[in-house]
Amino acid sequence: MFKFLTPKSIKPPFARYSHGVEVPPGKRLVLCSGQVAITPDDQIPEDAGAQAELCFQNIAAILGEAGLGLSDIVRINAYVTDHAFLRPYMDVRDRLFTSPAPASTLMIVSGFARPEFKVEIEVIAAGQGALAEG
């Protein structure tokens, strides 16, 4: 379905991600806003790994509204507030996405709208999924 781009003329990816992903014609795109780790009843996990899990759960719910799932993600932009949170985030990402993995960027930022948040994740997904009604 997708063409994962990892040219032999450049250094291979440092972790589980692809340098690029080509989306073939005819696929629908879903752009997901950055998701932070907050439950419907305003609970925020303390642990960065647990926050990454919840971010991806929220993303899965959003994609589900469009008839898509995590396997339809072609691009991940992730942000953490400390170098110490890179590995917990990457452990969750690597468990959820097998090779070939989506294109991905991971950045360390100074903070988010609320200081409790340690991780924020936004994605782009593409697929044939059924259109959401609404």
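Asp42 sits in the loop that runs between β3 and α1; helices (H or I, at least four residues) and strands (E, at least two) are DSSP runs numbered from the N terminus. Its phi is near 70°, a positive value in a residue other than glycine. With a relative accessible area of 54%, Asp42 is exposed, where exposed means over 50%, buried under 20%, and partly exposed in between (1.4 Å probe, protein chains only).

The model is predicted: local features need pLDDT of at least 70 and side-chain atom pairs count only at pLDDT 80 or more, while totals for chains, interfaces and linings use all residues. Residues are numbered from 1 along each chain as its sequence is written, and side-chain values use heavy atoms, with hydrogens and water left out.

## The sheet

Four strands form an open sheet in the order β3-β6-β4-β5, with mixed pairing; two strands count as paired if DSSP finds at least two bridges between them. β3 (28-36) and β5 (103-108) are the edge strands, each with a single partner, so one side of each has no neighbour in the sheet. From one strand to the next the twist averages 10°; axes are lines fitted to C-alpha atoms, for helices over the stretch in contact, and angles run from 0 to 180 degrees between N-to-C directions.

Seven bridges join β3 to β6 (residues 119-127) in the antiparallel sense, and Val30 stands opposite Ala125 in β6. β4 and β5 pair in the parallel sense over six bridges, with Tyr79 opposite Met107 in β5. β4, α2 and β5 together make a right-handed β-α-β unit; right-handed means that, with the strands pointing away from the viewer, the path from the first strand over the helix to the second runs clockwise.

Helix α1 (residues 48-65) touches β3, β4 (73-80) and β6, and its direction makes about 30° with that of β6; contact here means heavy atoms within 4.5 Å. Helix α2 (residues 86-96) touches β4, β5 and β6, and its direction makes about 160° with that of β5.

The buried residues in α2 are Leu86, Tyr89, Met90, Val92, Arg93 and Asp94. The buried residues of this helix pack against α1, β4, β5 and β6.

## Nonpolar cores

The largest nonpolar core has 28 residues, of which Phe56, Ile59, Ile73, Ile76, Tyr89, Val119 and Ile121 touch the most other members. Such a core is a set of buried Ala, Val, Leu, Ile, Met, Phe, Trp, Tyr and Cys residues joined through side-chain atoms within 4.5 Å. At least two residues of this core come from each of β3, α1, β4, α2 and β6, and α1 gives the largest share, seven residues.

Not counting residues up to four places away in sequence, Ile121 touches Ser33, Gly34, Gln35, Ala52, Cys55, Phe56, Ile59, Ile76, Asn77, Ala78 and Tyr89.

Gln35, in strand β3, is buried with a relative accessible area of 17%. Its side chain reaches the backbone oxygen of Ser33 at 3.2 Å. Beyond four places in sequence, the contacts of Gln35 are with Cys55, Asn58, Ile59, Ile62, Val119, Glu120 and Ile121.

Asn77, in strand β4, is buried with a relative accessible area of 15%. The side chains of Asn77 and Arg75 make a polar contact (3.0 Å), that is, a pair of N or O atoms within 3.5 Å; within protein, one must be able to donate a hydrogen and the other to accept it, and residues adjacent in sequence count only if both atoms are side-chain atoms. Beyond four places in sequence, Asn77 is in contact with Thr105, Glu120, Ile121 and Glu122.

Ser18 lies in the loop between β1 (3-5) and β2 (20-22) and is buried, with a relative accessible area of 4%. The C-alpha atoms of Ser18 and Ala101 are separated by 5.7 Å, although the two are 83 residues apart along the chain. Among the contacts of Ser18 beyond four places in sequence are Phe4, Pro13, Pro100, Ala101 and Pro102.

Pro100 belongs to the loop between α2 and β5. The peptide bond joining Ser99 and Pro100 is cis, with omega about 0°.
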